[in-house]
Amino acid sequence: MTSERSGATFDAVEPGDDLPEIVLELGRDYVKSHATAIGMPFPRFTDDEGARREGLPGQITPGNMTLALLARELLAWAPGGRIRRLGTTFRGLALAGGTVRLLGTVTEKDDERRTVECDVWMETAEGDRCVVGTATVELP
Amino acid sequence: MAFSDIDRSVIGREYDRMTYAPIAVEDIVSYARTLGVTDPIYLDEEAARRGPYGGLVAFPTFVVKLRGGMHMPQEVAREMTTGGFDAGKDIELGAPIRPGDVITATSTITELYEKTGRSGSMWFVVFRQHLVNQHGEMVANVDSRMMQRGRTEKEAAR
């Protein structure tokens, strides 16, 4: 059950519920633009050539941006919620120019704090989980 | 000098403190817009006034922009010279950031460790930016794990 503002609500969610999947194209300009906005306009994040000079296969997405995209996934599911904690491990490269899927699932509920624990992750088109994380979200 | 020789007393010592200029509306909006966020509470002052925070707030992960003035203390940076990678990030969030907030970031190293895998040894440094606003409220603790391939004895001797 959802409401217009709150989306997912504490009473309605249960462990095992999946967050709606988001399919996202990591366009090169999109990655460059956000990397610049977060003060990380480094070659590896802004163009293929610069990234290759650093020994990478091509332009990559900053870890800080993948973290933010997982937060975006959580708040698209629960726009009335508040993220209390989000922890991520950057396991692989999220190459710019590719398409990724943002996924998640509810793993626990805390009735006292009205929070839920979620597993969240970013998957490449090849199915590799390039970023994995856990989050605590307070729900209305 | 090698990673294992770094004086562990560096752990927990504040090595950087930086107070930022007041957070501008444009910074908050630009962060959300370039990320592709569409919720007006992060983008539109007028619409945000009717929202749950009663005004514009920064998207939660905006806090990772506030990395302080010095990336690592010198004695650690000296050993992490071959270009490391961001291995992960943990953020704990408190008060939301609003336009005009004056944020102070203090930085400490919280962990230094080495792991050995199939490709050799990897060095890890975890540093924390503790962010507080002008009211003394905790805004965030941002823990960043940096990783780099360990240097061989031959490389270290160069």
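Which residues make up domain 1 and domain 2 in the domain assignment of chain B? Select 3–22 plus 63–157 for domain 1, then 24–57 for domain 2; these bounds come from an automatic or database domain assignment.

Before you click on, a word on the model. It is predicted, so local features need pLDDT of at least 70 and side-chain atom pairs count only at pLDDT 80 or more, while totals for chains, interfaces and linings use all residues. Residues are numbered from 1 along each chain as its sequence is written, and chains are lettered from A in the order in which they are written.

**Stop 1: inside chain B.** Taken over C-alpha atoms, the centres of the two domains of chain B are 28 Å apart. Where they touch, 6 residues of domain 1 are in contact with 8 of domain 2 (contact: C-beta atoms, placed from the backbone, within 7 Å). The domain 1 side has 4 nonpolar residues, 2 charged and no polar ones (Ala, Val, Leu, Ile, Met, Phe, Trp, Tyr, Cys and Pro count as nonpolar; Asp, Glu, Lys and Arg as charged; the others, Gly among them, as polar).

**Stop 2: between the chains.** Now show both chains: 22 residues of chain A are in contact with 19 of chain B. On chain A, colour α1 (28–37), α4 (63–77) and β4 (82–90), each of which supplies at least two residues of that side. β4(A) gives the most, with 8 residues. By class, the chain A side has 10 nonpolar, 9 polar and 3 charged residues. Helices (H or I, at least four residues) and strands (E, at least two) are DSSP runs, numbered from the N terminus.

**Stop 3: across the strands.** Strands pair if DSSP finds at least two bridges between them. To see one bridge, pick A:Gly87 and its partner in β2(B), B:Asp90.

Definitions and conventions:
Contact = placed C-beta atoms within 7 Å.
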